[in-house]
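Hi,

Here is the structure I promised to pass on. Have a look at it first, then read my notes below.

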Amino acid sequence: MPVIRMEFTIQAPQQICFDAARSIDLHMESTASTREKAIGGVTSGLINLGETVTWEAVHFGIKQHLTAKITEMEAPRYFVDEMVSGAFKRFHHTHEFVPLGENETKMLDTFDYSSPFGILGKLFDWLVLEAYMTRFLRTRNEYIKQAAEAKARALRQESKKS
């Protein structure tokens, strides 16, 4: 049962970070390398509590489908998405946003998952999947960080013009 934890400091307010992490459109942009696209449930905009999204992507050369549901949410502090169906045996993905100041947020990402296929799944985790998922999540989180910081800069520029 691997657990992948990451922490990023983002130069943007908590709400901007929270919304960037829930954005279906931003998710598709950040996962272009695996050609992820939302094909069911919420397919654009911001996903909310109780809603699902079905993703189609290519991982390890295989087209896959995964449906996740937002099972917990306390805006703009955190949300949790969990797998409803897909290649994992299960996953529980927590996204937390801690304000460090008016324009700075700590984003905590915890991905807790189990692979199917018993001992073979555990071996695959150890040999390949945990490192693959760590790279995948890091790339996605760095994209969220850049997008949130760009939006915060644009809003600050707008407010200076007013």
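The largest nonpolar core has 36 residues, and those with the most contacts inside it are F88, F91, F111 and M133. A nonpolar core here is a set of buried Ala, Val, Leu, Ile, Met, Phe, Trp, Tyr and Cys residues joined through side-chain atoms within 4.5 Å. Buried means under 20% relative accessible area, exposed means over 50%, and partly exposed is in between (1.4 Å probe, protein chains only). The largest share of this core, 8 residues, comes from α3. Helices (H or I, at least four residues) and strands (E, at least two) are DSSP runs, numbered from the N terminus. As a bit of background, nonpolar side chains tend to be buried together in soluble globular proteins.

Before you go further: this is a predicted model, where local features need pLDDT of at least 70, side-chain atom pairs count only at pLDDT 80 or more, and totals for chains, interfaces and linings use all residues. Residues are numbered from 1 along each chain as its sequence is written, and side-chain values use heavy atoms, with hydrogens and water left out.

Back to F91. Leaving aside its neighbours within four places in sequence, F91 is in contact (heavy atoms within 4.5 Å) with L66, A68, D81, E82, M83, F111, D112 and Y113.

Next, the largest pocket, which holds about 750 Å³ of space. H59, L66, F88, F91 and M133 are the closest to its centre, out of 39 lining residues. On a 1 Å grid over the protein atoms alone, a cavity is a set of points where a 1.4 Å probe fits but cannot get out, while a pocket is an open set with protein on both sides within 12 Å along at least five of seven lines; lining residues have an atom within 4 Å of a point. Grid points are joined across faces, edges and corners, and the volume is the space filled by probe spheres set on the points. α3 gives the most to this lining, with 9 residues. By class, the lining has 24 nonpolar, 9 polar and 6 charged residues. Ala, Val, Leu, Ile, Met, Phe, Trp, Tyr, Cys and Pro count as nonpolar, Asp, Glu, Lys and Arg as charged, and the others, Gly among them, as polar.

Two threonines are worth a click. T67 is found in strand β4 and is buried, with a relative accessible area of 13%. Its side chain makes a polar contact with the side chain of T54 (2.7 Å). A polar contact is a pair of N or O atoms within 3.5 Å; within protein, one must be able to donate a hydrogen and the other to accept it, and residues adjacent in sequence count only if both atoms are side-chain atoms.

T105 lies in strand β7 (residues 104-114), and it counts as buried because its relative accessibility is 0%. A polar atom of its side chain lies 2.7 Å from the backbone oxygen of A12, and the side chain of T105 also reaches the backbone nitrogen of Q14 at 3.0 Å. Q14 is one of the buried residues of α1, a helix that is mostly covered, with 7 of its 9 residues buried.

Finally, is E51 buried or partly exposed? E51 counts as partly exposed, because its relative accessibility is 29%. E51 lies in the loop between β2 and β3, and V42 is among the residues that E51 touches.

Cheers
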